[in-house]
Amino acid sequence: MIASPPKPSSPCTKVCVLDAATGLCEGCGRTRNEIGLWGSLTEPQRLAIMATLSERLRRAYPERGTAAR
């Protein structure tokens, strides 16, 4: 049996709302460009972006506090 390739890592939370003020998806914190390119990025590139998302969301939405992430 041939194993299927692993699915690419994704921070998607199924809350896909792009905030006009910040340019970020309110669910995952990626930009429109990052979301569009996601499937063509290498796994190391995806992981590097994912490593920045919590801080990015914290700075963009400080009123959410730490419980949201």
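Tutor: A salt bridge is a side-chain nitrogen of Lys or Arg within 4 Å of a carboxyl oxygen of Asp or Glu. This is a predicted model, in which local features need pLDDT of at least 70, side-chain atom pairs count only at pLDDT 80 or more, and totals for chains, interfaces and linings use all residues. Residues are numbered from 1 along each chain as its sequence is written, and side-chain values use heavy atoms, with hydrogens and water left out.

Student: How many salt bridges does a search of the whole structure find?

Tutor: Side chains of opposite charge can pair when their charged atoms come close. Glu43 and Arg46 meet in this way, at 2.8 Å from N to O. Over the whole structure, the search finds a total of five.

Student: Is Arg46 buried or exposed?

Tutor: Buried means under 20% relative accessible area, exposed over 50%, and partly exposed in between (1.4 Å probe, protein chains only). Arg46 has 8% relative accessibility, so Arg46 counts as buried.

Student: Which residue forms a salt bridge with Arg64?

Tutor: Arg64 lies in the segment after helix 2 (43-60), and the partner lies 38 residues apart, in the segment before helix 1; helices (H or I, at least four residues) are DSSP runs, numbered from the N terminus. The closest N and O atoms are 3.9 Å apart, and the partner is Glu26.

Student: Over the face of which residue does Arg64 lie?

Tutor: A charge sits over a ring if NZ of Lys or CZ of Arg is within 6 Å of the ring centre and within 35 degrees of the ring normal. Arg64 is 4.1 Å from the ring centre of Tyr61.

Conventions: Helices (H or I, at least four residues) and strands (E, at least two) are DSSP runs, numbered from the N terminus.
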